[in-house]
Amino acid sequence: MTDRKHQEDALRRSEQRLSAMVNASSDLIYRVSPDWRQLAVVGGRAVGNLSRGQSLAWSFNLIHPDDRERVAEAIRHARETLTPYQSQHRVRLGADGWVWVSSHAVPIRDDDGAVLEWFGAATDIDQRVRHEESLRLLVNELDHRVKNTLAIVQSIVAQTLRTVPDGAQ
């Protein structure tokens with residue numbers, strides 16, 4: 001009986017540590033049914049109006065229309081190959097609009113290899129993506145201005161060469 005009690009205590013401590021780790025995470029930790037039709041929030045920083053323990057029907061309405069095909073392909077590939085799902089896409093957060101997330105899920109299998117569920121995490125990468133977009137716009141503007149400056153320099157050189165007598169060139 002003592003050995004069983006020690007095993008139960010060890011299991012309870014392990015579950016407490018796992019729960020603490022999940023809830024300390026800055027990611028949204030989730031579970032998805034094997035067919036990807038049901039999603040349940042396990043813990044972590046629940047984004048938007050999703051709360052821990054909430055189970056909802058998985059819907060592509062949560063995914064930005066421009067990202068749906070890419071996400072569907074990533075899910076299809078993961079399910080067919082039983083390899084981790086990974087995608088960066090926008091999700092709707094109620095009235096807050098669209099937010100970029102990086103999502104990763106792995107299959108949890110039984111002893112026969114059948115998928116019992118998918119366990120994953122979604123990281124809010126919205127600020128990073130928006131910052132990268134700002135940098136891209138700045139680089140494009142800088143590129144445009146440099147090209148304009150070079151065109152002006154070329155024009156000045158061409159005009160100067162036209163005014164220089166032939167023997168001086």
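**Notebook: contacts, strands and rings**

I began with the contacts of this protein: among those with a separation of 6 or more, 36% join residues 24 or more positions apart. I note at the outset that the model is a predicted one.

**Entry 1. Overall layout.** I counted the secondary structure next and recorded 3 helices and 6 strands. Read from the N terminus, the order of elements is α-β-β-β-α-β-β-β-α. The chain has 169 residues, and 27% of them count as buried. I also looked up the accessible surface, which comes to about 11,900 Å². Carbon and sulfur atoms hold 54% of that surface.

**Entry 2. Strands β1 and β2.** I turned to strand β1, residues 28–32, which pairs with β2 in the antiparallel sense over 5 bridges. Within this pairing, Ile29 faces Gly43 of β2. The two strands make a hairpin with 5 residues between them. In the turn I found Trp36 with a positive phi of about 65°. Strand β2 covers residues 38–44, and I noted it as mostly covered, since 5 of its 7 residues are buried.

**Entry 3. Ser33.** I then examined Ser33, which belongs to the loop between β1 and β2. Is Ser33 buried or exposed? Its relative accessibility is 17%, and the limit for buried is under 20%, so Ser33 counts as buried. Leaving aside residues up to four places away in sequence, Ser33 touches Gln38 and Trp118.

Entry 4. I checked the cover of both residues and found Trp36 and Tyr85 buried.

Trp36 also pairs with Trp118; this pair is tilted, with 5.6 Å between centres and 50° between the planes. Why does this pair tie together parts that are 82 residues apart in sequence? Trp36 lies in the loop between β1 and β2, whereas Trp118 belongs to strand β6, residues 115–124, so the pair spans that separation. I noted Trp36 and Trp118 as both buried. Taken together, the ring pairs link Trp36, Tyr85 and Trp118 into a cluster.

**Entry 5. Strands β4, β5 and β6.** I followed Tyr85 into the strand pairing and found its bridge partner in β5 to be Ala105. Strands β4 and β5 run antiparallel and are joined by 8 bridges. How many bridges join β5 to β6? I recorded 9, again in the antiparallel sense. On this side, His104 has Ala121 of β6 as its bridge partner. Strands β5 and β6 form a hairpin with 5 residues between them, and Gly113 in its turn has a positive phi of about 95°.

Entry 6. I placed Ile108 in strand β5, residues 98–109. With a relative accessible area of 34%, Ile108 is partly exposed. Patch residues must have over 30% relative accessible area, and Ile108 at 34% has that much.

Definitions and conventions: Residues are numbered from 1 along each chain as its sequence is written. This is a predicted model: local features need pLDDT of at least 70, side-chain atom pairs count only at pLDDT 80 or more; totals for chains, interfaces and linings use all residues. Side-chain values use heavy atoms; hydrogens and water are left out. Helices (H or I, at least four residues) and strands (E, at least two) are DSSP runs, numbered from the N terminus. Buried means under 20% relative accessible area, exposed over 50%, partly exposed in between (1.4 Å probe, protein chains only). Two strands pair if DSSP finds at least two bridges between them. Contact means heavy atoms within 4.5 Å. Rings of Phe, Tyr and Trp (its six-membered ring) pair if their centres lie within 6.5 Å; planes under 30 degrees apart count as stacked, over 60 as edge-to-face and the rest as tilted. Accessible areas come from the Shrake-Rupley method with a 1.4 Å probe; for residues, only the protein chains shown count as cover.
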